[in-house]
Amino acid sequence: MIKITFPDGSQREFEKGTTAYQVAESISPRLAADSLAAAVNGTTVDMTRPIEEDATIKFYKWDDAEGKHAFWHTSSHLLAEALEALYPGIKFGIGPAIENGFYYDVDSPVPITEADLPTIEKKMQELARNKEQLVRTEVSKADALKTFTEKNDQYKVELIRDLEDGTISFYTNGAFTDLCRGPHIPNTGLIKAVKLTSVAGAYWRGNEKNKMLTRVYGISFPKKSMLDEYLVLLEEAKKRDHRKLGKDLELFMFSQRVGQGLPMWLPKGAELRDRLERFLRQIQKQYGYQQVITPHIGNKDLYVTSGHYAKYGKDSFQPIHTPYEGEEYLLKPMNCPHHCEIYRSKPRSYKDLPIRLAEFGTVYRYEQSGELHGLTRVRGFTQDDAHLFVRPDQLLEEFEKVIDIVLYIFRTLKFDQYTAQVSLRDPNNKEKYIGSDENWEKAESAIIKAAADKGLKTTVVTGEAAFYGPKLDFMVKDALGRNWQLGTIQVDYNLPERFDLTYKGADDKLHRPIMIHRAPFGSMERFVAVLLEHTAGKFPLWLAPDQAVVLPISEKYNDYAAEVVEYLTQHDVRVQIDDRNEKIGRKIRDNELKRIPFLLIVGEKEQNDRTVSLRVQGEGDKGSMTLDEFCNHINELVKAETASHSRA
């Protein structure tokens with residue numbers, strides 16, 4: 001017999017070899033039917049896996065991230081089974097679950113296009129109705145290599161060669177067998193609705209030197225109604241795509257001549273960014289931060305010292321060689337080594353700490369071209385970075401103050417739904433990290449305690465820590481229910497050691513400070529992209545690039561329109577004029593699409609009365625106002641927004 005411990009602490013005995021499904025069924029047939037996977041001793045496994053020893057157990061349903069992951073992972077295998085049936089001779093790369101759905105990378109004997117997706121969907125639905133079980137088989141490395149060598153699938157063979165003997169498993173559903181660790185849902189019959197969303201190219205293993213494979217994306221659900229709801233959200237997401245909105249609102253652009261993944265901010269986008277930066281600078285000033293500026297490049301030795309070169313050198317741009325023999329520089333991949341050098345520039349006393357250095361620092365990382373995506377994945381981006389150098393007795397208080405800043409920003413910009421992810425190192429793969437076990441344990445404990453003290457809703461993820469320390473990442477849900485990682489706080493005992501940072505304590509001896517890395521926005525590029533999609537381009541009034549636009553109904557009122565613009569500008573209203581020789585209806589439509597909050601229409605009556613006819617974005621006409629009345633109105637609205645932020 002084995003002892004099973006449930007999440008509420010209760011225990012029951014079962015026969016050795018009992019499956020998670022049987023344990024769930026012993027509690028309730030409904031629980032067994034709804035459970036897609038289970039955590040046994042903290043490891044997510046199939047519901048059909050036998051349990052051979054005393055264990056803790058937790059069941060995952062559709063509403064759990066782990067449940068969706070197993071569901072979509074199985075859906076990728078169902079996709080592969082359909083593709084193998086439709087395209088004999090097809091070869092398979094990888095087919096993981098992703099945040100929303102799944103994909104499979106394939107090497108097809110004939111091209112697969114968007115036009116083929118309905119046929120593939122139909123085949124998947126046909127196979128799903130067979131309710132095929134996902135059967136796990138553990139195999140030796142030799143047998144695994146033999147299986148896929150006989151199938152002439154060089155991609156699987158390459159993957160198997162990287163695996164250790166004794167850790168390899170296959171999963172079979174119907175006629176399809178795949179190399180896979182799992183977990184999977186019990187059978188394909190649970191997949192009631194499938195939508196293949198797109199086809200793209202993807203280099204094998206993300207390496208541009210390898211062959212370009214075809215990546216088929218899809219999503220699936222246990223109910224058709226869920227798919228219908230998702231498709232509605234998908235259409236809304238297309239309308240909110242920050243790449244489209246950025247172009248429509250003239251915020252940013254890309255140029256192949258400048259280079260892939262290197263955004264350029266247009267005047268309106270630069271003004272938007274500047275307002276966000278000033279907003280954060282004002283907060284930072286209240287919390288005692290000092291602004292610094294560091295170069296866009298650094299000597300290679302700087303990043304060797306920090307450890308970034310060993311960990312990220314291959315993901316950086318190639319070194320810059322100077323005429324001086326042996327001298328190499330790198331485009332800056334991180335700001336923290338530069339800030340360590342600023343700290344080292346003079347002796348520090350315990351009375352000087354905490355020292356808080358902040359910088360809107362632009363960094364560069366060579367992302368693969370296939371992974372670039374608008375502003376959310378770029379090669380050059382600006383972090384709202386800061387590094388705090390603190391004494392051990394100051395660590396918890398300073399960490400909690402940073403949490404306060406992050407939450408204030410979220411409230412101000414109406415990111416009301418968020419969770420905090422505690423990212424710890426993988427204890428079974430310590431070579432990925434630098435620093436002693438003792439320092440890692442202290443850093444992880446500090447983060448967990450600070451999150452608890454602030455009452456944050458947290459999840460703990462093992463293996464997602466930075467190489468130099470654990471971190472607290474903020475996962476924000478936008479208006480469409482999508483999760484984004486915005487804002488991060490990290491505790492670091494290791495860089496102070498690598499840079500030999502010290503301060504003289506009250507005991508007149510040298511001590512080592514602790515570093516806190518923090519970026520509430522994360523990066524300006526990614527934050528603006530998420531904010532664009534969250535608001536659909538309808539920014540808060542205090543942030544909007546243009547608060548108003550003046551629309552003369554014909555050319556003979558252009559002079560009065562220009563007077564209105566001049567008057568409003570003098571009263572701190574951000575305003576432009578649309579004096580094109582177009583009908584007023586066209587001007588209204590065009591400027592509504594630009595998400596400008598207030599449209600001010602002027603004609604003969606307005607000119608004679610020295611007024612404007614007010615039209616509010618999305619609300620229609622609101623009647624006439626004098627210029628003073630409109631200035632007071634808009635300034636009161638901005639004050640109200642600011643006041644609500646202060647109260648928050």
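Is H373 buried, partly exposed or exposed, and what is its relative accessible area?

1. H373 is partly exposed in this predicted model, because its relative accessible area of 33% falls between the limits of 20% for buried and 50% for exposed residues. The residue sits in the loop between strand 20 and strand 21 (380-390). With neighbours within four places in sequence left aside, H373 is in contact with H242 and R243. The C-alpha atoms of H373 and Q260 are 9.9 Å apart in space, although 113 residues separate the two in sequence.

2. An open sheet is formed by 3 strands in the order 9-10-11, with antiparallel pairing. Strand 9 and strand 11 stand at the edges; each has a single partner strand, so one side of each is left without a neighbour in the sheet. On average, neighbouring strands of this sheet are turned by 25° against each other, direction ignored. Strands of a sheet pair through backbone hydrogen bonds. Between strand 9 and strand 10 (residues 168-173), the antiparallel pairing extends over 5 bridges; V139 has I168, in strand 10, as its bridge partner.

3. Helix 5 (residues 141-150) lies across strand 9, strand 10 and strand 11, and runs at about 45° to strand 10. In helix 6 (residues 154-161), the buried residues are Y155, K156, V157, L159 and I160. The elements that cover these buried residues include helix 5, strand 10 and strand 11. Strand 6 (91-92), strand 8 (101-107) and strand 13 (212-221) are also among the covering elements.

4. The second largest pocket has a volume of about 890 Å³. Its lining comprises 33 residues, and those nearest the centre are R136, S169, C180, R181 and G182. Strand 9, strand 10 and strand 11 each supply at least two residues of this lining, as do helix 6, strand 4 (43-45) and helix 3 (65-86). By residue class, the lining of the second largest pocket divides into 14 nonpolar, 12 polar and 7 charged residues.

5. Most peptide bonds are trans. The bond joining G182 and P183, however, is cis, with omega about 0°. P183 belongs to the loop between strand 11 (176-179) and strand 12 (193-203), and G182 is one of the residues nearest the centre of the second largest pocket. A cis peptide bond also joins L353 and P354, with omega about 5°. P354 is found in the loop between helix 12 (336-343) and strand 20 (355-364).

6. Most residues other than glycine have a negative phi. K131 counts as exposed because its relative accessibility is 56%, over the 50% limit. K414 likewise has a positive phi, of about 60°, although it is not a glycine. K414 lies in the loop between helix 13 (395-412) and strand 22 (417-424), and is exposed, with a relative accessible area of 52%.

Note on methods
Residues numbered from 1 in each chain as written. Predicted model: local features only at pLDDT ≥ 70, side-chain atom pairs only at ≥ 80, totals over all residues. Heavy atoms only, no water. Helix = DSSP H or I, 4+ residues; strand = E, 2+ residues; numbered from the N terminus. Buried < 20%, exposed > 50% of the residue type's maximum accessible area, 1.4 Å probe, protein only. Pairing = 2+ DSSP bridges. Axes fitted to C-alpha atoms, helices over the stretch in contact; angles between N-to-C directions. Contact = heavy atoms within 4.5 Å. 1 Å grid on protein atoms, 1.4 Å probe; cavity = no way out; pocket = protein on both sides within 12 Å on 5 of 7 lines; lining within 4 Å. Points joined across faces, edges and corners; volume = space filled by probe spheres on them. Nonpolar A, V, L, I, M, F, W, Y, C, P; charged D, E, K, R; others polar.
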